[in-house]
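Work through the exercises below with the sequence and the model side by side. Try each task before reading its solution.

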Amino acid sequence: MNRPATASSATPPAEPVQPAPPELLDCAGRTVAQYGYGSAADGRPRLHPVTTLAGRTVTQERPADHRHHLGVSIAVPDVSGRNFWGGRTYVRGQGPTELDNHGVQRCLGLERHGPGGFTQSLAWEADGVELLRERRTVKAVELSATAWALDLSFALTNHSDDDLSLGSPATNGRPGAGYGGFFWRAPKEAAPPDVFTAGRAGEAAVHGRAADWLALAGDGWTLVLAGASEETRRDPWFVRTTEYPGVGSSLAADERLPVPAGATVVRRIVTVVADGRLDREAAAGYVRRAVTS
């Protein structure tokens, strides 16, 4: 892992992120998500609970199997050696290791765009050093009487004096664990959810591969995640269904992603949140509407 970067200006030591009343995300006349810091220990904001229009919850936070999974969030396990994911850090030749290297995402300001959206500025800090400055936009869009879309984009700018890079357990020696970036922890149910893309089905077939969209279908609900930009569509999907239900878009699946000083990494993911179990045709139809809306 790379050495932590130095600050571009004097930055006071980071204080614990304090929870505040959540921001509510409304769509079709009802609240479909809450956004904010769940507790001072979380270190990053998240969307939870997120629900379908019928009220079924499709996120989970702090589950017993992975206490650092927080609904829907932007998390990176390795920013030049700093952990913005939570939990243990994967060290090459050593495995998952408890390290004092955790960073926080501090809210610098939030601008509402009506009940269905907002833009937030965040400082990604570790040991009092701001490594990244993020601009995050979240919007809820109604698609039908039974489906809506969560449109989330983020721009991560290197705010330090040094070149940075984003990594994952995979880039540090753990094959298949290329998670980091947008991540959605779904609720664990009696049976694992089905997962499929336009041409493949099953965890083994879709994990680690790029696809325009990917669907996760559980007990009475379906999520359809789609890359809404060329860069995002090139990122492979990180998928788990049998161990736990979670899906993310990998920023550093096999190789570290360089972020030179002043450079910006931009991604946009649109997620259809639907009641019922969608088939391929219905999933693809909703994606076309959601990405262009």
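**Exercise 1. Aromatic pairs**

How many aromatic pairs does the structure hold?

*Solution.* First, the ground rules. This is a predicted model, in which local features need pLDDT of at least 70 and side-chain atom pairs count only at pLDDT 80 or more, while totals for chains, interfaces and linings use all residues. Residues are numbered from 1 along each chain as its sequence is written, and side-chain values use heavy atoms, with hydrogens and water left out.

Step 1. The count is seven aromatic pairs. Rings of Phe, Tyr and Trp (its six-membered ring) pair if their centres lie within 6.5 Å; planes under 30 degrees apart are stacked, over 60 edge-to-face, and the rest tilted.

Step 2. W85 and Y179 sit 4.6 Å apart, centre to centre, with 35° between the planes, and the pair is tilted. W85 is in the loop between β5 (82-84) and β6 (89-91), and Y179 is in the loop between β12 (164-167) and β13 (181-185), so the pair ties together parts 94 residues apart in sequence. Strands here are DSSP runs of E, at least two residues, and helices are runs of H or I, at least four, numbered from the N terminus.

Step 3. Both W85 and Y179 are buried. Buried means under 20% relative accessible area, exposed over 50%, and partly exposed in between (1.4 Å probe, protein chains only).

Step 4. F196 and W213 make an edge-to-face pair, at 6.1 Å centre to centre and 90° between the planes. F196 belongs to strand β14 (residues 194-196) and W213 to strand β15 (residues 213-217), 17 residues apart. Both F196 and W213 are buried.

Step 5. W85 and Y179 also belong to one aromatic cluster with F183 and F238.

**Exercise 2. The open sheet**

What is the strand order of the open sheet of eight strands? Which strands stand at its edges?

*Solution.* Step 1. The order is β8-β9-β10-β11-β20-β16-β15-β14, paired antiparallel. Two strands pair if DSSP finds at least two bridges between them.

Step 1. β8 (104-112) and β14 are the edge strands, each with a single partner, so one side of each has no neighbour in the sheet.

Step 2. Inside the sheet, seven bridges join β16 (residues 221-227) to β20 (residues 264-275). T222 stands opposite A274 in β20.

Step 3. Helix α3 (residues 280-292) packs on the sheet, and its direction makes about 130° with that of β20. Axes are lines fitted to C-alpha atoms, for helices over the stretch in contact, with angles from 0 to 180 degrees between N-to-C directions.

**Exercise 3. Two polar residues**

Where does E61 lie, and which side chains does it join by polar contacts? Is T232 buried or exposed?

*Solution.* Step 1. E61 is in the loop between β3 (46-50) and β4 (72-79).

Step 1. The E61 side chain has a polar contact of 2.9 Å with that of R46, and one of 3.2 Å with that of R62. A polar contact is a pair of N or O atoms within 3.5 Å; within protein, one must be able to donate a hydrogen and the other to accept it, and residues adjacent in sequence count only if both atoms are side-chain atoms.

Step 2. T232 lies in helix α2 (residues 230-234). T232 is buried, with a relative accessible area of 3%.

Step 3. The T232 side chain makes a polar contact of 2.6 Å with the side chain of S229.

Definitions and conventions. Contact means heavy atoms within 4.5 Å.
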